Amino acid sequence: MSFVYKWNVSNGDDVKVKYCFSAVNKCLKVVEMWVNGKFHRTTWMSKEGRAELMSLLTKDYMSKKLSETEVA
C-alpha cells in the first residue's frame, strides 16, 4: 500500500511524495516525488532536506498506522 504526503516547504515549493513501507528492508521508501508539479528525486535534495522529508514521512506513516489500529 502506498501513501501520498503533501508538503508546503517554507520557500514556497509545493512537494508531493508517494511513499510506501518496504517489507523487505523494513523502512519507508519514496516511490515518486514532484516539486511544483515537476518530477523530482530525493537524491537531488540536500542531506538536511532529505532528513527533514524522511522525518515528516515517518510521522505521517505512524499517524496513519495509528488511526488504522484505532478503527479496527
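Trp7 is buried, with a relative accessible area of 12%. The model is predicted. Four aromatic pairs are counted in this structure. One of them, Phe21 with Tyr61, is stacked.

**Trp7**
- Trp7 belongs to strand β1, which covers residues 2–8.
- Beyond its neighbours within four places in sequence, Trp7 is in contact with Asp13, Asp14 and Val15 as well as Met45, Glu52, Leu53 and Leu56.
- Lys65 sits 58 residues from Trp7 along the chain, and 19 Å separates their C-alpha atoms.

**Aromatic pairs**
- The count of aromatic pairs is four.
- In the stacked pair of Phe21 and Tyr61, the centres are 5.6 Å apart and the planes make an angle of 15°.
- This pair links distant parts of the chain, 40 residues apart: Phe21 is in strand β2 and Tyr61 in helix α1 (residues 47–71).
- Tyr61 is buried at 13% relative accessible area, whereas Phe21 is partly exposed at 37%.
- Phe39 and Trp44 form an edge-to-face pair, because their planes stand at 90° with ring centres 6.2 Å apart.
- Phe39 is partly exposed, with a relative accessible area of 45%.
- One aromatic cluster is made up of Phe3, Tyr19, Phe21 and Tyr61.

**Ser22**
- Ser22 lies in strand β2, residues 14–22.
- Ser22 is buried, because its relative accessible area of 12% is under the 20% cut-off.
- A polar atom of the Ser22 side chain lies 3.0 Å from the backbone nitrogen of Asn25.
- With neighbours within four places in sequence left aside, Ser22 is in contact with Cys27 and Lys29.

Terms used:
Residues numbered from 1 in each chain as written. Predicted model: local features only at pLDDT ≥ 70, side-chain atom pairs only at ≥ 80, totals over all residues. Heavy atoms only, no water. Helix = DSSP H or I, 4+ residues; strand = E, 2+ residues; numbered from the N terminus. Buried < 20%, exposed > 50% of the residue type's maximum accessible area, 1.4 Å probe, protein only. Polar contact = N/O pair within 3.5 Å; in protein donor to acceptor, adjacent residues only side chain to side chain. Contact = heavy atoms within 4.5 Å. Phe/Tyr/Trp six-rings, centres within 6.5 Å; stacked < 30°, edge-to-face > 60°.
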